[in-house]
Amino acid sequence: MKIKRLQIKNFMPYYGVQEILFPSGPANVCVIYGDNMRGKTSFLNAIRFAFFGRATARHLRDINAIDLFNVEAAEEGDWTLGVTIEFEHDMVDYEVRRELRTLAHVARPQTKEDLKESFFVRKGGVPLAGADLGFEMNQVLPEGISRFFLFDGELLQEYEELVLNPANASKIKDSIEAVLGVPALTKGLAELQALLSQAQTAQAEDLKHSKNLQAQAERQITIQRDIDSLKTQIEKKSKEKGSFDERAVELQSRLEQMSQAIDLEKELLKTQSDIEKAGSTLKEKRAHRADLLQEGWVSILQPRLTMLRRDLEEDRATLLDAFAENANLRKEAAELQTAVVKGICPLCHTELKGAHADKVGERLGAIEGRLEFLEDQSSQFGAIQRKLDAIMRLQGSPLADRVITVEQEMRAASVRLSELGQRERHLKAQLEEYSGRDTERTRAEREQVRAVSASLGRDIDSLRMKLLGEQRKLDQTARLMSRNPVARSQKSSRLVALYSSLEDIFEKGVATLRDRQRVRVQDYASNAFRNLTSEPDYAQLEINENYGLTILDAKGRSVQERSAGAEQIVALSLIDGLNRAGRRGGPIVMDTPFGRLDWVHRANVLRYLPEMAEQVILLVHEGELDPQRELPILGPRVGAMYRIKRIGARHSQIESENGDIA
Amino acid sequence: MPDPVTNDDVVLDVLLQVREQQRSAVSVALVREIYDLQRRYQFENNRDRVVVGIKRAVEAEADRLAAKDSAT
């Protein structure tokens with residue numbers, strides 16, 4: 001599967017219609033830069049929404065549908081949002097489009113019941129409808145495995161949790177098994193068990209009329225009833241446990257938020273200090289502008305100053321010519337004075353006398369007069385130059401330009417101040433929300449809920465043990481009966497035999513599949529790990545039954561202490577392993593994947609990334625992927641680059657690398 | 001890039017291998033048919049189609065075995 005185009009309309013921070021075209025071919029990486037809070041996770045959620053009709057926040061909680069609408073558009077009365085994705089799968093073009101809008105009679109929706117959702121799918125240009133639509137989407141892109149290509153930092157953390165504390169990571173373990181195809185067998189096993197049970201009941205009903213088999217058949221019917229009752233109890237308790245587990249996750253999330261309150265307070269203090277600084281900057285800029293405006297008289301004199309400057313420059317040019325003339329005249333005067341003293345003509349070298357001598361004397365007199373005039377003029381040169389310098393100072397940088405620059409700086413400072421003000425209000429609102437919560441009470445409730453869940457878990461385990469015992473009894477009875485020639489000839493007995501064999505195959509198949517898939521994932525993940533790690537002594541990864549991975553060194557010893565960066569590398573390796581083992585190709589969309597990696601590991605990941613999937617879409621901020629230093633590592637593999645730009649607090653715009661509006 | 005051996009190949013291979021090891025009387029065709037149903041509908045919540053499909057396939061196999069027995 002390759003995503004070709006995505007169009008977003010009024011979805012979260014994306015106001016209006018915006019579009020992105022994705023690259024394909026060898027340049028398979030699309031980089032989308034965006035600062036924090038600009039909409040990277042919302043972009044990921046737009047894809048999730050188009051395919052699965054939901055957007056998720058922390059702990060995979062669904063975001064309320066009302067909160068998916070762009071606030072600015074909604075304030076303008078436009079309560080429509082939509083995401084369209086065009087992609088190719090198995091050489092066929094698909095288009096999925098999901099839209100949300102208010103019901104006809106609703107002006108401003110309050111709950112999701114006030115909204116209407118529409119979902120359209122075209123396959124090869126032909127619209128799909130009804131059951132085909134859901135079935136087709138599950139064939140192309142099952143939601144159960146979507147976390148492995150639409151993933152964010154939280155998924156990486158979940159993997160790390162899986163590695164560190166497998167007991168608390170059942171959800172992610174289920175997702176891993178889904179991608180590896182295990183549910184096809186576990187669901188099949190459950191269905192075969194149910195069908196076997198039905199077949200055994202039918203067999204007992206058939207055989208209880210037979211004289212020799214009556215007692216066994218009745219015993220079988222009794223056991224079957226016990227089994228059914230146990231299954232009902234297990235199902236009921238599992239449902240109860242599920243709701244307690246959900247509540248525990250909710251309370252845990254609330255407690256985490258409460259602990260965030262301390263960080264929020266620190267952030268609030270910093271924001272307030274930043275507001276003060278930004279306020280001072282704005283004040284300074286305003287004072288600077290006032291100073292500049294006081295020089296406004298200069299602009300009135302500009303035409304006059306220009307004329308004066310031109311006149312002075314002419315005078316200076318005349319003087320420079322005079323300096324050159326002065327030098328020549330001095331040389332000539334010196335030659336003529338020598339000629340008069342020696343009495344020899346400087347030109348024809350004959351004796352200087354009579355009219356000839358008079359002419360030389362006249363010329364010498366004229367030169368001396370001219371030199372005297374030139375001397376007077378040269379004394380004015382200094383004054384002219386000083387005047388010119390003063391004029392140039394006044395005209396050096398046009399006042400209007402300087403005022404414009406200062407006003408731009410003032411606007412930037414004002415925007416910053418407004419942003420900080422918004423942040424301050426937001427932080428205060430959050431803190432207010434936390435202040436109303438009682439941490440101790442929440443913690444106590446969480447413990448209570450966990451205790452009930454654990455108790456239910458024990459009850460379920462005990463019921464399962466009983467169920468296993470009853471099933472064994474049933475199998476023995478069924479086996480005994482099936483040895484009877486009368487029973488063997490019955491169709492119900494044949495069905496029992498077939499279902500029983502199939503159940504065995506699927507039961508052992510589940511265990512064998514898990515073992516085989518673990519080895520495949522381990523091999524792929526180890527290969528990825530060797531490419532990603534910078535530690536030459538780390539040889540491979542070893543997988544455990546919960547899909548947790550341990551690093552092994554060259555001598556096969558496990559590495560116990562792992563840094564946060566190493567955990568992230570292991571988690572990325574596992575994701576790569578799962579993608580290779582479990583999927584038939586397709587894109588990977590990563591939101592902020594380089595969080596805790598140092599420069600060496602980031603470089604390793606960047607070199608390996610284009611090989612991880614047919615199409616890689618990276619949502620990053622410049623702090624984690626430096627455009628100058630690190631982006632070049634991806635080099636020609638980058639097929640497209642976009643930037644999510646801030647237009648306002650609730651309005652982000654996606655622009656392509658060359659500045660076009662997407 | 002993904003493994004040229006698909007996940008579906010691996011799962012089916014596991015089932016057939018277990019069948020072989022158990023010397024099961026169940027035919028390869030029946031295992032394939034049931035797995036195909038599971039594979040195609042593994043992410044569907046409504047399982048009726050799968051259950052009906054399994055029942056039909058197993059009953060057909062039972063009839064086939066009965067016919068074979070009566071022929072011998």
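**Cores, a surface patch and chain B**

The largest nonpolar core has 136 residues. Those with the most contacts inside this core are Val31(A), Phe43(A), Phe51(A), Ile85(A), Tyr159(A) and Leu618(A). Its biggest contributor is helix 14 of chain A, residues 491-532, which gives 14 residues. Keep in mind that the model is predicted.

Now move to the surface. Trp297(A), Ile300(A), Leu301(A) and Leu394(A) form a nonpolar patch there. Together they have about 410 Å² of accessible area. Helix 8 of chain A, residues 296-342, supplies the largest share of the patch, with three residues. Trp297(A) lies in this helix. Is Trp297(A) buried, partly exposed or exposed? Its relative accessibility is 46%, so Trp297(A) counts as partly exposed.

Chain B comes next. How many helices and strands does chain B have? There are three helices and zero strands. Along the sequence the pattern reads α-α-α. The chain has 72 residues, and 42% of them are buried. Its accessible surface comes to about 4100 Å². Carbon and sulfur atoms account for 48% of that surface. Consider next the contacts in chain B between residues at least 6 apart in sequence. Of these, 36% join residues at least 24 apart.

The mean pLDDT of chain B is 87. In this chain, 93% of the residues reach 70 or more. Where in chain B is confidence highest, and where is it lowest? Helix 2 of chain B, residues 28-40, is highest, at a mean of 93. Helix 3 of chain B, residues 48-71, is lowest, at 91. Where pLDDT is low, the predicted coordinates should not be read in detail. For the model, the scores are ipTM 0.95 and pTM 0.65.

Notes:
Residues are numbered from 1 along each chain as its sequence is written. Chains are lettered from A and ligands numbered from 1 in the order in which they are written. This is a predicted model: local features need pLDDT of at least 70, side-chain atom pairs count only at pLDDT 80 or more; totals for chains, interfaces and linings use all residues. Side-chain values use heavy atoms; hydrogens and water are left out. Helices (H or I, at least four residues) and strands (E, at least two) are DSSP runs, numbered from the N terminus. Buried means under 20% relative accessible area, exposed over 50%, partly exposed in between (1.4 Å probe, protein chains only). Contact means heavy atoms within 4.5 Å. Accessible areas come from the Shrake-Rupley method with a 1.4 Å probe; for residues, only the protein chains shown count as cover. pLDDT is the predictor's confidence in each residue, from 0 to 100. A nonpolar core is a set of buried Ala, Val, Leu, Ile, Met, Phe, Trp, Tyr and Cys residues joined through side-chain atoms within 4.5 Å. Patches are made of residues with over 30% relative accessible area and no salt bridge: like charges are joined within 9 Å, nonpolar side chains (Val, Leu, Ile, Met, Phe, Trp, Tyr) within 5 Å. A salt bridge is a side-chain nitrogen of Lys or Arg within 4 Å of a carboxyl oxygen of Asp or Glu.
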